[in-house]
Amino acid sequence: MNVPLDSRQVRAFCVLARTGSFTQTARELHVTQSGVSHAMKALERDVGCRLLDRLGKKVVLTQAGEQLLHHATKILQEMESARESLAHLGKWGRGRLRLGASTTACQYIIPPVMREFKESFPEHILNVEPGDTPELVSLLLRHRIDLALSLEPSNEPQLEFHPLFTDELHFIVAALHAWAKTRKVERTEIPRQSYILYAKNSVTFRLIEQYFRHEQMVLNTVIELGSMEATKELVKLGMGVSILAPWIARKEIEDGSLVTLPLGRRKLERRWGILHWRGKRLNLAEETFIGLCESACTSLSSREQRN
C-alpha cells in the first residue's frame with residue numbers, strides 16, 4: 001500500500017529546491033540544518049530514489065527531484081488554496097446556504113425572509129431550489145440542499161420537521177359565481193363543479209383528495225396546474241372553482257375579484273415548516289434563516305386571523 005508523502009518533508013524539499021541551501025532552508029522553516037537534512041533523507045527513503053545532489057555548497061535536483069518538484073508544487077498550491085477557502089468560510093457571514101422551497105413559499109414567504117437574511121449575512125451565497133414537497137424531500141435525502149420550507153411530509157423518519165404555521169384550505173370562486181352571491185355552498189353542488197387544482201403529485205392535492213373521499217365525494221378535476229397565480233387567474237375568469245389557502249389569494253379577496261368559502265363543517269388544514277436531516281447540528285446561518293421564517297410566518301398567521 002502506498003503511504004502518502006509527509007507534507008512537512010515535501011514543503012522542506014520545495015524550499016530547498018528554491019534556495020539550493022540547507023542553511024537558508026533551515027532559516028526559512030525555523031528548524032535546524034540537521035533537521036532539514038534528516039527530513040530529506042527520510043523523503044528519499046520514502047520515494048525510493050535520490051532526489052538531491054551536492055555540488056560544493058550548492059544543492060541541485062536530480063531528474064527524480066525535478067519530477068517530484070513538479071508535482072509537489074501543485075500539491076502545496078492546492079493545500080494553500082484549501083486553507084484560504086476554509087479561512088474565508090470561517091469569517092463572519094461567509095458561506096453558503098442551499099434552500100429548497102415550494103413554489104408557493106418561493107413566491108409569498110421566501111422573498112422577505114431572504115431580504116432580512118442578507119442584512120445579517122451580506123456575503124453569504126444563497127441558492128434556492130423550487131419544488132413541491134416530494135421533490136424537496138428527495139433533494140434533502142441526496143444532500144443537494146440544506147433546508148427545505150415545505151408542507152409536512154408523511155413518513156420520513158430520516159428528516160426532522162420544524163413547524164412554522166398551520167393554514168386552512170377553502171373554496172375559492174370568482175366574484176360572479178353563484179356561491180359568491182349566496183355566500184353559501186350547497187353540499188350537493190360540490191361534486192358538480194369544475195375544479196382547478198394544484199399539481200396531482202403535490203401534498204395539497206393528496207390532502208384534498210383524502211378530505212373529499214372521507215366526505216364520500218369525487219371532485220370533477222378539469223385542470224391541474226403547478227402555478228398558484230395561473231390558478232387564480234383562471235378562477236377569476238370563471239373557468240372553475242379552486243381550493244386554496246386564503247393567504248395565497250389575499251390581494252384578490254381584498255379587491256373583491258375572488259371570494260373564499262369554507263369547505264364544510266370539517267376543516268382541512270396543512271402544516272408548514274422547515275425540513276432538515278434528523279440530528280443535524282445547525283450552523284448560525286441555518287438557525288438565523290429558521291428564525292426569520294418563524295417571524296414571517298407568525299406575521300402571516302396574525303394577518304389571516306384578523307381577516
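Which residue stands opposite Glu168 in strand 12? In the predicted model, the residue opposite Glu168 is Glu269 of strand 12. Strand 6 (residues 159–168) pairs with strand 12 in the antiparallel sense over nine bridges; helices (H or I, at least four residues) and strands (E, at least two) are DSSP runs numbered from the N terminus, and two strands pair if DSSP finds at least two bridges between them. Strand 12 also pairs with strand 5, again in the antiparallel sense, over four bridges, and there Ser150 stands opposite Gly273.

The model is predicted, so local features need pLDDT of at least 70 and side-chain atom pairs count only at pLDDT 80 or more, while totals for chains, interfaces and linings use all residues. Residues are numbered from 1 along each chain as its sequence is written, and side-chain values use heavy atoms, with hydrogens and water left out.

An open sheet of three strands has the order 10-7-11 with antiparallel pairing. Strands 10 and 11 (258–262) stand at its edges with a single partner strand each, so one side of each is left without a neighbour in the sheet. Strand 7 is joined to strand 10 by three bridges, and His170 stands opposite Leu244 in strand 10.

Helix 9 (residues 203–214) has 12 residues and reaches 17 Å from its first C-alpha to its last, close to the expected 16 Å (1.5 Å times one less than its number of residues). Its buried residues (under 20% relative accessible area, 1.4 Å probe, protein chains only) are Val203, Thr204, Phe205, Leu207, Ile208, Tyr211 and Phe212. Just after helix 9, Gln216 takes a positive phi of about 60 degrees.

Notes:
Buried < 20%, exposed > 50% of the residue type's maximum accessible area, 1.4 Å probe, protein only.
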